Structure formats: structure tokens, C-alpha cells
Amino acid sequence: MELTHPTASWTLEYTDGRASGPRKLEAEGATLFSFAHCRIDKVSDDDLDTRKFHLFRKGGCAVFEGEGDFTQGAAAHLRQTHRIAGNTARLTYDLTWPKNTSLKSGLELGSVVLAGFWQRYFVVTEKNCNAAVDWKEIPKETAAPIVISPLPEIIVLEDAKGRQLEWGLGDDLWRWQAGLNGEFLHATSRLELSSAGNRLTLRRFVSFCDPEAEAAAAKKLASDPRFQPKEEGAPAPEIPVSQPEARSYRFNAYFAWSAPDLIPNFNLAKDAKCPAIHPQNGFARADLEALGEAPKLELDFAKMPMELAAHRNNDSSALPCWESRAFQAGYRKLIRQLADYAHEGVLVLKNMTPGWCNVATHEARRGKLVHWDLPAILDTMAWTRQILGDGWTIIAPQTGIWNELPSLSASGAETGFRN
């Protein structure tokens, strides 16, 4: 089953009736990847016993839902939800881990095989997000995989003709950092890149098992009273080595690809006006009418009024965190006012720059919790396009390393799947 954007040159293909990830992405006249998949040890989701396969449209996005059971190895249950808009796909993985089941080599979520010759890559993390892009070459043949650990938030890969593919983590960085780890599992996260001939394999391990670490942990547990013989001469209870806690786990991620046809005309951002924003009422109708029937206006999020708790890290000098529900409510009120006022115009979103935050209430939790908001920005842009309609031009200029990302280069473009 194929998804094709009506105005951009890409097609995303799924295997009809299967709960696995997309089978192929074709863009700019080439196959960028094939066999995007999840894997438990040596068993991929291509072998799932499919319980649900559904492809439909909702909220301006194409939505894929797949659900099934691993019938070989660990009898885990996997549900995937993909939301595709513009040149991005936002992914949710829900994994239910069974009782008394060990993870032998690792759990992969969102591994992929890239077709063609991929020349170089760069990664984005909180530590390097303000630095220049650091491209690294990919050898044509790798004797051993290139290993990046822990998982970076983003990896961008570029092929010989300049086509790019971006593979990123969701807002829930704390989940990716913890993986399936618990008292009886002590795995690490990592990306592996290996090239051979005309293909590049990217393996994304949320949990990569280290036999030495597990053996050391088991040795410590050997003296634990829980694993001592209950009676003299009785066998000792088995230590549950490498066993994740039996429960449901959720991980969010996304991927994006270069789509030159969707990049807006940034020259249209010139001379945009900044109407006043009232903390309670948003735009005054008279201020919008002063901009004409097809307004050209700018929202600058460095100047937008908001409560302290909406700022990243509760820092009043920081930009808003797009995971903040309070800030989202204020922003969405403004967009609905614009949609009610005009069917066309130009909207410039200034300082809509991704960042990291530790305010746990943004994720409906307490205390501090590490997360970031680029995925929330992608979600917000798809929503904005749905509400404003295709008569509006939406421009979100970026600087620095953010200006190099396919996901942000065409943010605000036509989603391609409005009802």
C-alpha cells in the first residue's frame, strides 16, 4: 500500500496486511530506504503475527496503525502508530514485555536499510546543538560497525547526490535513556552504522545487551536473600538474568527526508508585521483588520507573553517548551483566531527553535524529567497547517545546525493528507 504526496516527489510504501514498519521510501527519484523495522534479538517485526493493519487520514495526516505478536523468541506484543505529514513521519512504539523472558542480544526500534551510497553523516545532541555541523565520512565498506553510544537525539545521513534522511528520537528522552533496564537488565543504547556495497544499515538499539555487565550483576545478586535456597540442600532460585520488567513500554521517534518541492519561499517572510498579543485575549480584531484581508504577520516566541512554567527549565530568559500544555493552549488560540479571520495570508514563526527542558510538568509528571521539543514542533506545525488550510504560507526560519535538518526545512508545508 502506497502513500504519495500530491505535490512533492515522494512515496512511502507499506506491506499490505502487515503490522511492520514502512517497506520503502522513494524520494527525489531514488529509493532512500527499505525495510524499516523493529527487532527483538534476531527476530524482526516482519515476522509478527499481525492483529491489526489500518491506514487512514486524520487531522491532516496519513496514519498507519499496526499491531501484532512476536511468535518466535520473546513473545512480546508490539503496536506501532505512524503519523505522516509533509516530509516527516512521527512514530509511536508500544511494546508489552512478557513475564520471565530474557533479552538475549538487544531490542531495536526503528532500524533501517538505506539503499545506494551514503557518503556522510552528522549527529545532534544537547551538547553540540549550538556548534557548527560536524560532518563525518562513511566508508564504502566497514569492517566493523560505526558505533555511537548513547543514542544521539538526531542523526542526518546524506547520499552521493545530496539527498538526506533524518532519524530522530521523540520527546521522551528519559524513556530512551532507560530503555528496558531495571533490576535484572543493564543494557546500553547505541546506533550502529555498517556499509557494504551499495547499502548502509542503521541499527538503533534502545537496549543493547552486554554479557559482561549482566554476568557481573548476576554475581552480585547471588548473595541476595531472595536467591538463596529456602531449605538446606534445596536448589537456589534462578536469578532472572537479563530480564526486563514485565510491563508495557512506550517510545516515540520520528524520521524525515529532504523534500525540495516543499521548502517555502523564505523571501515572503520579509516585512511581516508583529501585532500585539494580549495575554488573555490573544489578537485584537482591529489589529488583524489593519493588516488587510490577506495578512502577513510574525509571531516571535522570544517575545511572546507566557507564564514562567511554560519556559524551558523554568528560566524566564529561555524560549518556550513546546511540550508545555499551557503554552500550546495560548499558541493554538492565536492560530484559531487567524483561521477565523482570513483564509489566506503569510505566517512567520520566529524563534521556533528546538531545545531541551527538564520541567516534568510539561510531560504530566513531577520533579525534573529530561525531554526535548523538536517532535512537538513537528506535531504543532502539522496541526497549524490543518487549521489554517492550504491558503496560508507558513514559514519557520531556523539558524545554525537546525537550519540543516530536513524535518525543519519544510515545516509548515502542505501536509498532503488534508480531508
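**Close-up views of a predicted model**

**View 1. Strand S9 (residues 88-96) pairs with S18 in antiparallel fashion through nine bridges.** Across this pairing, Arg90 has Tyr254 of S18 as its bridge partner. The model is predicted: local features need pLDDT of at least 70, side-chain atom pairs count only at pLDDT 80 or more, and totals for chains, interfaces and linings use all residues. Residues are numbered from 1 along each chain as its sequence is written, and side-chain values use heavy atoms, leaving out hydrogens and water. Helices (H or I, at least four residues) and strands (E, at least two) are DSSP runs, numbered from the N terminus.

**View 2. Nine strands build an open, antiparallel sheet.** The order is S6-S7-S8-S9-S18-S15-S14-S11-S12; two strands pair if DSSP finds at least two bridges between them. Strand S6 (49-58) and strand S12 (136-137) stand at the edges, each with a single partner strand, so one side of each lacks a neighbour in the sheet.

**View 3. Helix H4 (residues 325-341) crosses helix H5 (residues 374-388) at roughly 25°, their axes coming within 9 Å.** Axes are lines fitted to C-alpha atoms, for helices over the stretch in contact, with angles from 0 to 180 degrees between N-to-C directions. H4 and H5 are therefore roughly parallel (under 35 degrees). Contacts (heavy atoms within 4.5 Å) involve residues including Tyr331 and Ile335 of H4 and Trp383 and Ile387 of H5.

**View 4. His278 sits in the loop between strand S18 (248-257) and helix H3 (285-289).** His278 is partly exposed, at 37% relative accessible area (between 20% and 50%, 1.4 Å probe, protein chains only). Pro260 is 18 residues from His278 in sequence, yet 37 Å away in space, C-alpha to C-alpha.

Technical notes:
Angles under 35 degrees count as roughly parallel, over 145 as roughly antiparallel, 65 to 115 as roughly perpendicular and the rest as oblique.
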